[in-house]
Amino acid sequence: MVDEPQAEPKVEDADDELSAVTRERDDYLDRLQRLKAEFDNYRKRAARDQELLVTRAHERLVKELLPVLDDLERALEAAAQHEEAKLEEGVSLVHRELRDALTREGLEEIETDGGFDPHVHEALLSQPSDAAEGSVIEVVQKGYRLGDRVLRPARVVVAGPKEAPGGDRDQ
């Protein structure tokens, strides 16, 4: 007798194995698609959260600046009535309110006493001076930082070497 029945189980085993591999592939594909969908949802949620955070930060800053706007309006009303003392007082009040609001938000003025620091100062020119060479002798525009970031460097005039006695070199 010929053992033909044994040939059938090999084909059957191959079909079972193929079915098992196909199921496993489908399972992995399903998992991958779910993971992709979860990641897309996470990305969208993170973007919404970031947008909400920025909106809230803007809202808080604008809310801080509203009293400054009110003070400016009062100063303009005083200017329209030509009450100079009130105008000066109003402008001073606006300046103080704005400075305080920005300070509460973390704004700091950059120090300009002492030597020139290229990380926080911008030298506009170097001028002969009796002060130590490389020191800041004049502040043209104040600089500010927010936390550890420089928003605007201080624009300064730096002391250069003293002028040689005898005046001009061109003579």
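Me: Is Lys-36 buried or exposed, and at what relative accessibility?
Reply: This is a predicted model, where local features need pLDDT of at least 70, side-chain atom pairs count only at pLDDT 80 or more, and totals for chains, interfaces and linings use all residues. Residues are numbered from 1 along each chain as its sequence is written, and side-chain values use heavy atoms, with hydrogens and water left out. Buried means under 20% relative accessible area, exposed means over 50%, and partly exposed is in between (1.4 Å probe, protein chains only). Lys-36 counts as exposed because its relative accessibility is 54%.

Me: Which residue does Lys-36 meet in a salt bridge, about one helical turn away?
Reply: A salt bridge here is a side-chain nitrogen of Lys or Arg within 4 Å of a carboxyl oxygen of Asp or Glu. The N to O distance is 3.6 Å, and the partner is Asp-40.

Me: Which residues does the salt-bridge network link?
Reply: Asp-40 also bridges to Arg-43, with the closest N and O atoms 2.8 Å apart. These two sit three residues apart in helix H1, which means a separation of about one helical turn. Arg-43 is partly exposed at 48% relative accessible area. The network is made of Lys-36, Asp-40 and Arg-43.

Me: What separates the closest N and O atoms of Asp-30 and Arg-34?
Reply: Asp-30 and Arg-34 are four residues apart in helix H1, so they too are about one helical turn from each other. Asp-30 is partly exposed with a relative accessible area of 33%, while Arg-34 counts as exposed at 54%. They form a salt bridge, and the closest N and O atoms lie at 3.1 Å.

Me: How many helices and strands does the protein chain have?
Reply: Both kinds of element are DSSP runs numbered from the N terminus: helices are H or I, at least four residues, and strands are E, at least two. Along the sequence the pattern is α-α-β-β-β-β-β-β. That makes two helices and six strands.

Me: What percentage of the chain's residues count as buried?
Reply: The protein chain exposes about 14400 Å², with carbon and sulfur atoms supplying 52% of that; accessible areas come from the Shrake-Rupley method with a 1.4 Å probe, and for residues only the protein chains shown count as cover. Of the 171 residues, the buried part is 13%.

Me: Which residues make the nonpolar surface patch of about 260 Å²?
Reply: Patches take residues with over 30% relative accessible area and no salt bridge, joining like charges within 9 Å and nonpolar side chains (Val, Leu, Ile, Met, Phe, Trp, Tyr) within 5 Å. One member, Leu-69, is found in helix H1 and is partly exposed at 43%. The patch of about 260 Å² is built from Val-62, Leu-66 and Leu-69.

Me: How far apart in space are Leu-76 and Gly-90, C-alpha to C-alpha?
Reply: Leu-76 is placed in helix H1. It counts as exposed, because its relative accessibility is 61%. In sequence Leu-76 and Gly-90 are 14 residues apart, and in space their C-alpha atoms are separated by 8.4 Å.
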